[in-house]
Amino acid sequence: MPVRPRVLVPLALLAAVSVACGGVGGSGGGGGDSDGAGGAEPKGSLSTLGFGLPDEIAKARVATFKKAYPDVSLKINEGGFDAQQFLSSVAGGNPPDLVYLDRNILGTYAERGALEPLDQCVKDRAIDMAAFRPAATAQVTIDGTVFGIPEFLSVRVVIANSQDLKASGLTTADVDASDWDKVSAANAKLTKSEGGKLSRIGFDPKLPEFLPLWARANGASIISDDGRTATLDDPKVVEALSYTLSLVKQEGGWSRMKSFRDTFDFFGAKNQFAQDQLGAFPIEDFYLNVLAEVSPKVPIVVTSFKDRQGQPITYSTGLAWAIPKGAKNPDAACAFMQKMTATDTWVAAAKAKAKERKSKKLPFTGVFTGNREADDEIFSTVYQPAGIASLDNGVKVLRSVQEHAFSLPPSPAGAEFEKAWQDAVTRALEGRQSAQAALEEAQQQAQKALDQAAK
Amino acid sequence: MTAETAAVVRPARLAAWRRRETRWAYLFLLPWIVGFLVFTLGPMIASLVLSFTSYDVLSSPSFVGLDNYREVMSDPAVARSLGNTVFYTALHVPLAMTLSMGLALLLNRLGRRSSGFFRTVFYLPVMTPPVAVGVLFLLLLNGQTGLINAALGLFGVQGPNWTTDPAWIKPGIVILSLWSLGSTVVIYLAALRNVPEELYEAAKVDGTNARQRFRHVTLPQVSGAVFFTLIVNTIASLQMFTEVYTMYFGNKQTQSGSSDAALFYVIYLFQQAFQFLHMGYASSLAWLLFVVILVITVVQVRVAKRFVYYESENS
């Protein structure tokens, strides 16, 4: 029986926390080069949530939009996507015109009716969805309806300390995950302890967050293609978790390993490769850019992560633009999404970024836009090898794995599903449950959440 | 005006004046009353209503009766998070009160000027933003490179992995919580300063030692302040959120791989509300916590009647 507490809603939001927390222009549709013909000339105010202007890639694209649509007054609410802020604005009847959010949670909002379908927008603005990488498009399309325009394709590759590999008589083939026995052997050789303390992690499997990658490499998925059925108790998922747990055990166990990992100066010049604290790990592509900036000459080698048949495979994530239900200026929002993801806009942004890096005498490692056409254009006209073998080779690997990317499908309970499997992996890492028991419990929790959300 | 008339008029005027005074009092209280009704009582009633619904903010709530409360009773995460919170409270409150009293007693022995300096020093950490405290203690408590284990190492003790070993996560959080003892110290110091000197002198004449004077003079005299801090610290501990959320759940990186041992009740409530969009369920969780706090507070008040000394009652 529906009740109508419109007035009470904002108060209730406060209460849930206060009671308990108290004291609680004219070019390219996405990928194409069409003119966006068909959409009316937008004007008025346009507000965004979840988007910031941290670098030239964002700034240059926004500048391109402003130049193309001078009659639109753009209000960028800097900062990452904040569910609390978004929900409050929706409950208050004043949602932003655009949200910029992780593609992994887009399905949750779309399936609850919080986002506008974009099929008409795609048609009006001639956005070529086929130009986007399939792994990106899959995350914003639910039952054939588009709910978001994707940006970026963050892929995972293996980065290793080349000096450590050489000193241990290893090659990238030992750490590319195609042969799990080889990875275990490499882990044993690369892991070092001094004075009872871990001083180097051999091979960090990046648990819990990379379980989907290990599962896929073992021929399984943690959720069905339609995003409605959890498959966490699949024997191959259990096998993948059991294997990765064995790597952590080789390093002295989770508590010891994580405690050491938490000390890494991950984004600094004294990062784990510069300090010889890590042999190898699978990691998101952005990290090559980090290393290019803070320690470009650190001895690393990049290789693709491979499945057990030896084929490159990569787990991908990324961001997306979407229009919330109740947005006051959907026309301008549609024009904005088209312009921000158009090939020409991406190329202009890449040029600005390359120029900025050059002025700082830093290597430019390219931009992976999630838009195949834009990527091809950027890497054929803007990108120039830095002349540093490790980085140049790394960029080649990153480009090569783009077509091997998979992603988790949109799910009505994305956040709960993720929490269920990540908590399960943590319980197993802490030794409180076996891989089998932890994933069986997670399967129950995840399926219950998916079923409830789908009602 | 005769003396008799004046005598009759005076109480009437006094009553009128009192009424005016009462009206003025209410006028000055009005901002708080409005704030309380709009921002506390109203939301509490709304959350009570929502606790009987299934509501995700994005669509209209639908009435589900007592389903949320039944779910609360069977949800293992509720028991786990409540257990973590009560465990923390049981460790933190007595420890914080004992340490604060010790520090206040030391401060009370200092001269006024140096006491003021140290009072400021002890209170300064309270001014540190809780988020900064959370980040700071992630570094201090690190099992490999943290200062706390380095200090233990000086005594030949190999410290545990405070932030990653489930058995040591809550004790680590208790250590963190001692960072902001300052408020309690200041309250105790004020209470100690109010203990009449002649009581100590009389006790000395009776031949008592320092321990006896503390037990039979100081403690009864400051028992009101002790009781106040017991109530306030217990409620704050049961609502512990910001520091722990920052340390273990603040972003994707910290959240993935964070142990259940750090899942405090209000964090679980927040996750249900704003990560999983279960506003109705989160409201029922809030009301359960309200009841838990109410019961504990009532018990504390009842017990306190036997131990707390109020001078005004005595007089």
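Colleague: What share of the 455 residues in chain A is buried, and how should I read that figure?

Modeller: Burial is judged from relative accessible area, with under 20% as the cut-off. In this predicted model, buried residues make up 60% of the 455 residues in chain A. The accessible surface of the chain comes to about 17100 Å², and 51% of that area belongs to carbon and sulfur atoms.

Colleague: How many helices and strands does chain A have, and what does its radius of gyration say about its overall form?

Modeller: Chain A has 18 helices and 14 strands. Its radius of gyration is 23 Å, close to the 23 Å that the globule rule gives for 455 residues, so chain A is as compact as a globular protein of that length. Along the principal axes, the C-alpha trace of chain A spans about 65 × 60 × 45 Å.

Colleague: How many helices and strands are there in chain B, and is that chain compact or spread out by the globule rule?

Modeller: Chain B contains 15 helices and two strands. Here the radius of gyration is 25 Å, well over the 20 Å that the globule rule gives for 315 residues, so chain B is more spread out than a compact globule. A box of roughly 85 × 60 × 35 Å along the principal axes holds the C-alpha atoms of chain B. Buried residues account for 43% of the 315 residues in chain B, and the chain exposes about 17000 Å², of which carbon and sulfur atoms supply 67%. Among the contacts in chain B with a separation of 6 or more, 67% come from residues 24 or more positions apart.

Colleague: Which strands are joined to S13(A), and do they run parallel or antiparallel to it?

Modeller: Strand S3 (residues 98–102) of chain A is joined to S13(A) by four bridges, and the two run antiparallel; within this pairing, Leu101(A) has Ala320(A) as its bridge partner. Four bridges also join strand S6 (residues 149–154) of chain A to S13(A), again in the antiparallel sense, with Ile149(A) standing opposite Trp321(A). Five of the six residues of strand S13 (residues 317–322) of chain A are buried, so this strand is largely enclosed by the rest of the structure. When you inspect such a strand, recall that in a regular strand the side chains alternate between the two faces of the sheet.

Colleague: How many disulfides does a search of the whole structure find, and which residues does a disulfide join?

Modeller: The search finds one disulfide over all chains. It joins Cys121(A) to Cys334(A), with an S to S distance of 1.9 Å. Cys121(A) lies in helix H5 (residues 119–124) of chain A and Cys334(A) in helix H13 of chain A, so the pair ties together parts that are 213 residues apart in sequence. The torsion about the S-S bond is about 95 degrees, so the disulfide is right-handed. Cys121(A) is buried at 9% relative accessibility, and Cys334(A) is buried at 6%.

Colleague: Where is Gly366(A) found, and is it buried or exposed?

Modeller: Gly366(A) is found in the loop between helix H14 (343–359) and helix H15 (372–382) of chain A. With a relative accessible area of 15%, Gly366(A) is buried. Leaving aside neighbours within four places in sequence, Gly366(A) is in contact with Phe379(A) and Tyr383(A).

Methods:
Residues numbered from 1 in each chain as written. Chains lettered and ligands numbered in written order. Predicted model: local features only at pLDDT ≥ 70, side-chain atom pairs only at ≥ 80, totals over all residues. Heavy atoms only, no water. Buried < 20%, exposed > 50% of the residue type's maximum accessible area, 1.4 Å probe, protein only. Pairing = 2+ DSSP bridges. Rg over C-alpha atoms; globule rule 2.2 N^0.38 Å. Contact = heavy atoms within 4.5 Å. Areas by Shrake-Rupley, 256 points an atom, 1.4 Å probe, with all protein chains shown as cover. Disulfide = S-S within 2.5 Å.
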